[in-house]
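Here's a quick look through a protein model, from the whole fold down to a single residue. Have the structure open as you read.

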Amino acid sequence: MNPDGVTAIIASSGTLSGNAKRHFRSGNVVHGFESPQDTVTWTVDVPKADDYVIDVLLSKLEPTQLEVSSGDSVLTAPSMIRTWEYRPFFWRQELPGTLHLKAGVNQITLRLPDAIPATASAGKNANQSSRFGQGVTEEFHLFSIELGTAGARQRQMERAKAIRGDVSWMIDGKYGIFVHWSSQSRGFNIDEKRAEWFQKSVEMFDVTAFADAIERTGAAWITFTATHQGFYWPGPSAAIDKVAPGRTAHRDLLGEIIDELDQRGIRTLFYLHTGYNGYDPKVWREALGANDADTKRFSDNIEAILRECSLRYGEKLMGFGYMDGALAWDYPLRPSWEGWARAIKAGNPNAIVGLSSNRGPSVSPFSELAVTDGGSELRQVDPQLIGPGKQLGDVSPAWWCLMDQGGWFQNQPMKGRYGPGPVHSTEAYVDFFKRMAEAKVPVTINLIMTADVTDDHPIFNPECMAVMEEVRKAIRGK
């Protein structure tokens with residue numbers, strides 16, 4: 001147990017009884033609660049006797065009674081009903097009261113005391129209902145529980161507030177560009193995944209051509225991929241070399257991009273993905289410590305990478321605006337979110353952190369920016385979800401989306417041809433950017449970029465660039 005904050009305990013890490021079972025697609029999730037005897041029980045070691053506030057992260061279309069108990073201490077409440085139309089598809093619910101835990105080892109059990117076996121028709125409907133994380137499920141699905149004393153939670157919130165970064169420049173800047181320069185990206189005329197020619201891709205990267213293209217869009221900032229799908233870093237990093245040599249570059253491409261864009265008045269954020277899939281992930285994750293029983297080594301390694309990066313680029317790096325997979329992949333490993341946030345701010349106290357909640361609730365109070373995968377949808381995060389104690393937390397509203405019909409990045413050979421272009425019409429994009437600017441919600445829109453960034457060909461789809469030029473005229477007036 002973390003005495004200074006909140007301890008997250010993944011559902012599937014407990015002992016299951018009765019019909020309760022791990023989800024075959026979402027391994028952290030438990031479902032199959034068909035009777036009061038179907039339970040999950042966790043063993044926790046508590047430093048001293050105290051009363052703990054309990055949160056449950058769950059998905060369930062209709063209300064059901066929840067019960068969390070330890071010894072004679074029992075909390076019960078009906079599950080809450082989603083009042084919003086979009087994400088999150090699973091949510092956090094704080095149970096009323098506190099659970100008393102004794103010093104030392106405790107057993108904590110969750111069950112549904114009013115659960116009844118599903119009928120044949122209900123079972124059929126449940127099988128046809130949304131997958132966990134893709135929509136709200138008919139059947140009760142449990143992702144995790146969270147424990148922390150009221151005092152520890154309050155102190156954590158105060159520490160997060162004390163180091164909060166400045167997001168006002170994004171609101172003033174109105175919009176930026178997102179690029180997934182992934183290890184899986186393909187070149188305009190290079191069919192192989194970029195990971196297979198990683199060093200060459202870094203060496204050939206034309207920073208001027210890239211900056212020229214970004215400037216044409218009118219973007220106030222760029223969220224550039226430090227690493228995505230396989231941990232390959234386009235610059236020097238002793239911290240990464242210490243974990244797994246061969247994944248960094250001698251050329252400091254990240255620094256060159258920051259400097260060139262800074263001269264043009266364009267700010268830089270980084271995107272990071274801890275390497276849970278993509279190119280050769282097993283070797284990296286093993287070296288990182290993600291597969292250890294005690295995942296502290298994983299947390300410490302990522303923290304060291306973030307700190308070194310922040311100190312290297314200083315105040316010109318505005319933060320890590322999109323930490324992908326934070327809830328889906330990193331949260332189950334119980335990293336030190338506070339440690340990660342402080343590392344990101346080591347070289348720039350005003351740097352911002354965006355821990356991705358993706359299709360669920362917030363990950364941690366140590367995040368200043370609403371970050372979720374909006375896909376191609378032109379919409380805004382529901383304001384009822386944002387604020388202290390709400391599903392997305394005390395974050396600044398923001399929207400992240402993609403433009404190309406091909407998705408976030410070029411993961412198939414291009415063979416000298418661009419994809420089909422934007423999802424929506426130019427008029428729809430111009431109207432969307434105007435509405436979001438008026439609402440003071442910064443937008444970061446992703447454009448697919450060729451893996452080979454040179455002046456031999458356009459690095460973005462010309463049709464998408466034409467849209468962004470119209471957006472620039474509408475928002476910037478030039």
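## Burial and contacts

Of the 478 residues in the protein chain, 59% are buried. Keep in mind that this is a predicted model. As for the contacts in the protein chain with a separation of 6 or more, 75% of them involve residues 24 or more positions apart.

## Overall size and make-up

How does the radius of gyration of the protein chain sit against that of a compact globule? For 478 residues, the globule value would be near 23 Å, and the protein chain comes out at 23 Å, so the two agree. If you want a box for it, the C-alpha atoms fill roughly 70 × 45 × 40 Å along the principal axes.

In terms of secondary structure, the protein chain holds 13 helices and 19 strands.

## Surface and charge

The protein chain exposes about 19200 Å², with 48% of that supplied by carbon and sulfur atoms.

On the charge side, you'll count 50 positive and 58 negative side chains in the protein chain. The centres of those two sets lie 1 Å apart.

## A look at Gly151

Zooming in, Gly151 is part of helix 2, which covers residues 150-162. Its relative accessibility is 30%; because buried means under 20% and exposed means over 50%, Gly151 counts as partly exposed.

Which residue sits 147 positions away from Gly151 along the chain, with its C-alpha atom 8.7 Å from that of Gly151? That's Asp4.

Note on methods. Residues numbered from 1 in each chain as written. Predicted model: local features only at pLDDT ≥ 70, side-chain atom pairs only at ≥ 80, totals over all residues. Heavy atoms only, no water. Helix = DSSP H or I, 4+ residues; strand = E, 2+ residues; numbered from the N terminus. Rg over C-alpha atoms; globule rule 2.2 N^0.38 Å. Buried < 20%, exposed > 50% of the residue type's maximum accessible area, 1.4 Å probe, protein only. Contact = heavy atoms within 4.5 Å. Areas by Shrake-Rupley, 256 points an atom, 1.4 Å probe, with all protein chains shown as cover. Lys, Arg positive; Asp, Glu negative; His and termini not counted. Charge placed at Lys NZ, Arg CZ, Asp CG, Glu CD.
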